[in-house]
Amino acid sequence: MKKENKILWTGFLTNLLGVILGILLTFGVNALYQKREENKKIKEMLILVRSELQTNKNYFKHQERIIRKDSYVYRKILEAQRNWKSIPEDTLSAYLNQTMYLEYMQLTTSAWQIFQHSEIIQKLEDKELIIRLTDCYFWIEKIQDNIKTQYWDEKILAVAPEVDMYKYFDALMNKKETVFFYTLVSSEDFTNWNLFPFIDAIIDYTIMLLDNHGNYVYNMDEKDKEIEAFIQSRIDSANTK
């Protein structure tokens, strides 16, 4: 009887152990699967954010090209001092087109907005990366607003209503606000020039962090010094060109 009971208990315990191990294995596999799916979603979201940052980097490059071209044209108009005949007609026509060129593009933050308001961001263990992304988008939006209010809104006000080319430039020079705007933008120390290498450096640095996500040890104090040096080197390089 004792032998039979022992056999029964042995069988019961073996089955119980098998059930417990099966449950633990199921939960373990399920947890691993969920973790893998979470990491997959995080990776996909970060790829979208990276792509968006690259698009915004190109956006600022485009804005800088337009403003620098405007700066050159404004300087030539001011140098002419109403002597429009001193400028070849086809060149003056090109200047006319440039002064009337009003292409204010909108940068995009949709991927970042989705990421911010999704549960995915809660799953990202790299909180320092979130801080850097938040900081990067803060500057993107701040500099966009700065360019819009200090440049594009002012450029719209600087446009003259005249159609005839020579009368158009005469009308420009009769507007004190326009002359002031042209003088400001054509100067070498125009404050917006440093904004472009600044934001370009921040975006590049953030993209670099995204590319190295999970493969580096992050220390905010050390990285603060590193990014400051990175940005300053970009600004210094831009100013020596």
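These legends accompany several close-up views of a predicted model. Residues are numbered from 1 along each chain as its sequence is written, and side-chain values use heavy atoms, with hydrogens and water left out. Local features need pLDDT of at least 70 and side-chain atom pairs count only at pLDDT 80 or more, while totals for chains, interfaces and linings use all residues.

View A. Leaving aside neighbours within four places in sequence, T109 is in contact with E52, Y137 and E141 (heavy atoms within 4.5 Å).

**View B. Aromatic pairs.** Rings of Phe, Tyr and Trp (its six-membered ring) pair if their centres lie within 6.5 Å; planes under 30 degrees apart are stacked, over 60 edge-to-face, the rest tilted. The count comes to 12 aromatic pairs. Y74 and F181 make a tilted one, with centres 5.9 Å apart and planes at 55°. Y74 lies in helix α1 (residues 2-80) and F181 in helix α7 (residues 176-186), so the pair ties together parts 107 residues apart in sequence. Both residues, Y74 and F181, are buried. Ring pairs link Y74, Y151, W152, F181 and Y182 into a cluster.

**View C. Charges over rings.** The charged end of R68 sits over the ring of W193, 4.2 Å from its centre. Likewise, the charged end of K85 sits over the ring of Y166, at 4.1 Å from the centre. The rule asks for NZ of Lys or CZ of Arg within 6 Å of the ring centre and within 35 degrees of the ring normal.

Technical notes. Helix = DSSP H or I, 4+ residues; strand = E, 2+ residues; numbered from the N terminus. Buried < 20%, exposed > 50% of the residue type's maximum accessible area, 1.4 Å probe, protein only.
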